[in-house]
Amino acid sequence: MKKRLVALFLAVIFCLSLITGCGGGDTPGADAPASDAPTAPEASSEQDPATLTEKDYWRQCEGEEIIFATYVGGEADYVDSLLSEFYDLTGINVTIEQYPEDQLYQKVQIDTVSGTGSIDCFTMDMMRMPEFASSGYLTKVQGYIDNPQFTDKEWYQPDDILAGPLSTAKYNGELYGIPYTGETNILMYRKDLLEAAGCQVPTNFDELWDVASKIHSKETAGIALRGQRGSGMNIYTWTQFFRGFGGEFFVDFPNDMTPTVNTPEAIEATKYYAEILQNYGPQGVANWTNMEVYTGQASGKVAMTMDANAFAAIIEDENTSKTRGLWGCAMVPGGKGGSWPAIYSHTMCINEFSQSKDAAWLFVQWVTSPEMTLKRGLKTGVPARASSWEAPEMKEQLSYICDGTYTDVCLESLQKADASYRPIFPNWNEMGDILGIAVQDVIAGGSTAEEALNKAQADIETMLKQKGYLS
Amino acid sequence: MSLSKRVGAWLEKRYIGCFLAPALCIMGAFALYITVALIYLSLCSWNTTSPAPSFIGISNYLNILKDTVFWKSLGRTMIFVVCTVTGEIVLGFIVAYALNRKIRGLGVIRTLVIVPMAVTPVVAAMFWKIMYDPSLGPINYFLSLLGIRGPEWLGSTSTALISVLIVNIWEWMPFSFLTITAGLNALPKDAYEAAMIDGATKFQTLFKLTIPMLKQVLLTLILLRTIDAMKAFDLVFTMTRGGPGESTQLLPYYIYLKGFQWFDLGYAAALSLVLLLICNYGFKFFINKTGVKVFYD
């Protein structure tokens with residue numbers, strides 16, 4: 001009898017411990033290093049606080065506290081290390097919360113859907129902007145920029161923000177944030193190989209084919225582009241050709257969402273993409289991701305690519321690249337549809353439900369100001385302002401990349417890039433993945449461009465009908 | 001009767017229930033609730049454009065019937081399951097039979113044979129991805145020494161599924177080997193002695209004696225390996241992401257894409273339930289037909 005009671009007691013204890021054991025401990029990213037961030041390096045001495053403190057609007061939100069949520073990384077650590085400067089300037093206390101990207105958007109989504117407004121401002125991936133902007137979760141910022149009480153245009157220079165990244169912060173013509181970073185695609189080529197083959201830098205797709213065929217050898221592939229399927233993989237680079245050949249994703253985005261991915265232009269572009277890789281690409285390129293492309297460039301197996309500008313810093317780095325010093329860069333070549341450099345950016349947004357929107361705007365303004373953008377850009381290499389790319393410090397720091405032509409090419413590319421590169425709507429990911437399957441299938445020789453794209457067109461139509469975009 | 005005695009008597013009558021309660025609670029929370037939630041979710045539309053699940057009846061299931069990608073993925077999964085289970089068990093049997101004798105260093109050889117199973121599947125997949133690489137990988141290098149131009153393995157639609165199959169067989173053959181070795185060791189010796197006296201050849205002993213006596217072991221092995229192969233995901237995810245094209249897109253990977261890449265959670269739930277039903281009824285049929293003893297009741 002007693003034994004049974006004891007056993008029962010133990011069973012209850014066991015059960016309780018299981019229940020408590022399951023709860024709690026669900027704060028991902030809570031261990032992000034916020035306090036032990038590196039202190040501001042040499043850059044902090046360059047600032048002249050006197051010119052800033054003169055602006056009387058800086059202290060209008062003194063004493064307020066705001067939370068800035070962003071993705072984990074060196075950039076957030078760097079901004080964190082400069083927060084004391086912002087506090088001295090405004091008296092606003094900012095806390096930076098860092099999360100891995102997926103958790104960041106979940107966190108922001110929960111916060112905005114519930115309307116609590118505990119996160120005052122955050123960075124947002126350009127592909128998610130329409131989802132949040134159309135739901136009314138983001139504050140329109142044009143009013144702040146135009147109001148002299150909140151923005152000294154002469155100091156802030158809103159026109160200096162690059163057109164490409166700026167277009168990603170817009171939704172239906174309204175501005176919902178300020179670009180935080182801006183990345184684009186450039187053409188990277190081996191100067192030595194082009195010279196040896198007597199080629200000029202290609203400016204259109206015909207010349208690109210010609211150059212790839214002439215510099216292709218057994219050791220070094222003439223060109224490499226991403227083959228691995230995925231909306232953020234092969235479709236990210238394939239779109240340069242698709243748009244360049246004059247292809248459009250829809251009849252009239254976003255009014256008529258009938259897909260047009262099996263038009264003659266699309267077939268021509270996909271055929272070109274697959275054939276140039278089959279003929280002058282590396283073996284197994286159908287499975288290549290961005291990583292294989294830049295590793296191939298750095299190890300001397302790839303002579304040319306049209307991919308993210310961030311690759312340039314890797315292939316010209318003396319610690320990671322065997323081919324450093326051999327690279328040149330230029331705008332991506334185009335076709336009859338023009339030249340279409342890709343665009344990828346993050347936008348700094350203000351929560352519509354924040355209690356301290358004014359303070360949040362002052363913070364956004366400070367972080368995206370010409371000075372801070374340059375400082376951040378020197379750390380990351382992806383500033384979203386023209387003045388940062390033109391600054392002598394920036395040119396000096398990046399002069400080792402492509403003989404110093406890198407900053408000018410990036411600037412030109414970012415001015416030209418446009419958010420409409422890919423259609424931004426909530427189901428783009430699925431549509432892009434379906435297209436990615438088709439493109440990879442063609443590269444791997446599974447079917448012809450026409451067959452693969454007809455299938456993709458049908459699959460995308462089915463998907464859009466199910467989602468209610470098409471009747 | 002005092003209160004404590006009364007409580008004691010109550011517990012006396014119902015102690016079985018009391019002891020079962022914790023286990024039942026956990027089962028209820030982690031098996032029953034989740035299954036019911038899955039069934040409900042499969043009748044809903046829930047995606048990025050609708051923040052909460054909305055009930056839409058059986059239209060997810062009707063869409064599955066019309067979904068060509070689903071049927072192709074299912075067919076590919078079936079081919080994958082049949083080939084991988086056959087390959088694993090045949091190879092496992094050959095190796096186990098060959099090593100079922102007294103030879104020097106048997107312990108070391110057995111350990112080496114088991115190694116692939118001890119490797120984490122994702123690590124094995126990364127390792128094979130390098131092996132298969134057409135320009136950097138050792139496989140095509142050695143083929144080139146023999147004067148053969150190796151295929152593109154994972155990079156071509158015609159060879160990608162076979163390449164994944166080879167890795168899966170390599171990884172799980174040791175499991176068949178272990179189980180069959182254990183089964184061989186447990187076989188009664190006297191039957192073999194009788195066969196020897198009757199003058200049976202080695203060949204006859206194998207097909208008339210060993211394999212029939214191992215039937216239960218082999219059938220159980222087929223069942224276990226089929227269940228595992230039906231949900232193969234890790235190799236596909238790490239090596240090919242379902243590509244090139246759709247050539248290695250098995251059903252579990254398609255469910256993953258629908259649910260966690262495209263956030264069509266209702267549809268993904270319906271797909272998972274269909275996979276579950278296929279497995280469940282397939283296995284019931286298998287068990288009834290073969291009489292394999294899985295449950296001892």
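Predicted model: local features only at pLDDT ≥ 70, side-chain atom pairs only at ≥ 80, totals over all residues.
Residues are numbered from 1 along each chain as its sequence is written, and chains are lettered from A in the order in which they are written.

**Domains of chain A**

I looked up the division of chain A and found domain 1 (48–176 + 344–415) and domain 2 (184–342 + 418–466), with bounds from an automatic or database domain assignment. Their centres, taken over C-alpha atoms, are 31 Å apart. I then checked the contacts: 21 residues of domain 1 of chain A meet 20 residues of domain 2 of chain A. On the domain 1 side, helix 6 (129–134), helix 9 (163–168) and helix 20 (406–416) of chain A each give two or more residues. Here helices (H or I, at least four residues) and strands (E, at least two) are DSSP runs, numbered from the N terminus. Helix 20 of chain A gives the most to that side, with 6 residues.

**Helix 20**

I list as buried in helix 20 of chain A the residues A:Tyr406, A:Thr407, A:Val409, A:Cys410, A:Leu411, A:Ser413 and A:Leu414. Buried means that 20 or more other C-beta atoms lie within 10 Å of the residue's own, with C-beta atoms placed from the backbone. The buried residues of helix 20 pack against several elements of chain A, including helix 9, strand 6 (178–190) and helix 15 (310–315).

**Cores**

I looked next for nonpolar cores, that is, sets of buried Ala, Val, Leu, Ile, Met, Phe, Trp, Tyr and Cys residues joined through C-beta atoms within 7 Å. The largest has 136 residues, and A:Cys121, A:Met188, A:Tyr273 and A:Phe363 have the most contacts inside it. Helix 13 (residues 264–280) of chain A gives the most to this core, with 9 residues. Domain 1 and domain 2 of chain A both give residues to this core, so it lies between them. Leaving out residues up to four places away in sequence, I find A:Met188 touching A:Gln297, A:Phe311 and A:Trp327, among others.

**Helix 4**

After helix 4 of chain A comes A:Gly91, with a positive phi near 75°.

Note on methods: Contact = placed C-beta atoms within 7 Å. Buried ≥ 20, exposed ≤ 12 C-beta atoms within 10 Å, placed from the backbone.
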